[in-house]
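Biologist: I am new to this structure and should like to understand the terms used to describe it. Could we begin with the model itself?

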Amino acid sequence: MSESHSTSPSTSTDASQDAPLEQEVTMEQWSRDLLDLCDDFGQFSQECAFLFDAFAAVAQEPECITPDTSEGIRHVNFWLKYQAIGYREKINRLHDGWKVLKRKQ
């Protein structure tokens, strides 16, 4: 798992999220945020592909599933769940920003 992804539920400390959306959205910032999200998601999807291959390999040899392996799988599942939630929240913020930008035009 990369350092760009937290192993705990995402809690953003970005002060811009506290400001009214109408005032903060510019096309330039929205475009940067979208590109950042695409880059982050690209890396996340590569990490997922690696993890899914690892899960498939472990499932083919159930005798190698020790309590530590089981705990590791549980931890990775927790991480995946909260990464997916974080991406959904980022997508929703971008969608809301897009609506604001469209109203400004």
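Modeller: A nonpolar core is a set of buried Ala, Val, Leu, Ile, Met, Phe, Trp, Tyr and Cys residues joined through side-chain atoms within 4.5 Å. In this predicted model, the largest such core has 13 residues, of which Phe-44, Leu-51, Trp-79 and Leu-80 touch the most other members. Helices H2 and H3 each supply at least two residues of this core, and H3 gives the most, with seven.

Biologist: What secondary structure does the protein chain have, and in which order do its elements run?

Modeller: The chain has three helices and zero strands. From the N terminus on, the order is α-α-α.

Biologist: What makes H2 roughly antiparallel to H3?

Modeller: Helix H2, residues 27-60, packs against helix H3, residues 67-104, at an angle of about 160 degrees. Angles over 145 degrees count as roughly antiparallel, and therefore H2 is given that description relative to H3. The axes of the two helices are 11 Å apart, and the crossing of H2 and H3 is left-handed.

Biologist: Which classes of residue form the contact of H2 with H3?

Modeller: The contact has 20 nonpolar residues, together with four polar and four charged ones.

Biologist: How do you know that the length of H3 agrees with its number of residues?

Modeller: At 1.5 Å a residue, the 38 residues of H3 should span 56 Å. The C-alpha atoms at the ends of H3 are 56 Å apart, so the two values agree.

Biologist: Which residues of H3 are buried?

Modeller: Among them are Val-76, Trp-79, Leu-80, Gln-83, Gly-86 and Tyr-87. Further along H3, Leu-94, Gly-97, Val-100 and Leu-101 are buried as well. Of the 105 residues of the protein chain, 18% count as buried.

Biologist: Why is Lys-99 called partly exposed?

Modeller: Lys-99 lies in helix H3. Buried means under 20% relative accessible area and exposed means over 50%. The relative accessible area of Lys-99 is 41%, so this residue is partly exposed. The C-alpha atoms of Lys-99 and Val-25 are separated by 9.9 Å, although the two residues are 74 residues apart along the chain.

Biologist: Why does Asp-33 count as partly exposed?

Modeller: Asp-33 has its place in helix H2. Its relative accessibility is 32%, and therefore Asp-33 counts as partly exposed by the limits of 20% and 50%. Asp-33 and Ile-91 are 58 residues apart along the chain, and their C-alpha atoms are separated by 9.9 Å.

Key. Residues are numbered from 1 along each chain as its sequence is written. This is a predicted model: local features need pLDDT of at least 70, side-chain atom pairs count only at pLDDT 80 or more; totals for chains, interfaces and linings use all residues. Side-chain values use heavy atoms; hydrogens and water are left out. Axes are lines fitted to C-alpha atoms, for helices over the stretch in contact, and angles run from 0 to 180 degrees between N-to-C directions. Helices (H or I, at least four residues) and strands (E, at least two) are DSSP runs, numbered from the N terminus. Angles under 35 degrees count as roughly parallel, over 145 as roughly antiparallel, 65 to 115 as roughly perpendicular and the rest as oblique. A crossing is left-handed if the near helix is turned anticlockwise from the far one by less than a right angle, and right-handed if clockwise. Ala, Val, Leu, Ile, Met, Phe, Trp, Tyr, Cys and Pro count as nonpolar, Asp, Glu, Lys and Arg as charged, and the others, Gly among them, as polar. The expected span of a helix is 1.5 Å times one less than its number of residues. Buried means under 20% relative accessible area, exposed over 50%, partly exposed in between (1.4 Å probe, protein chains only).
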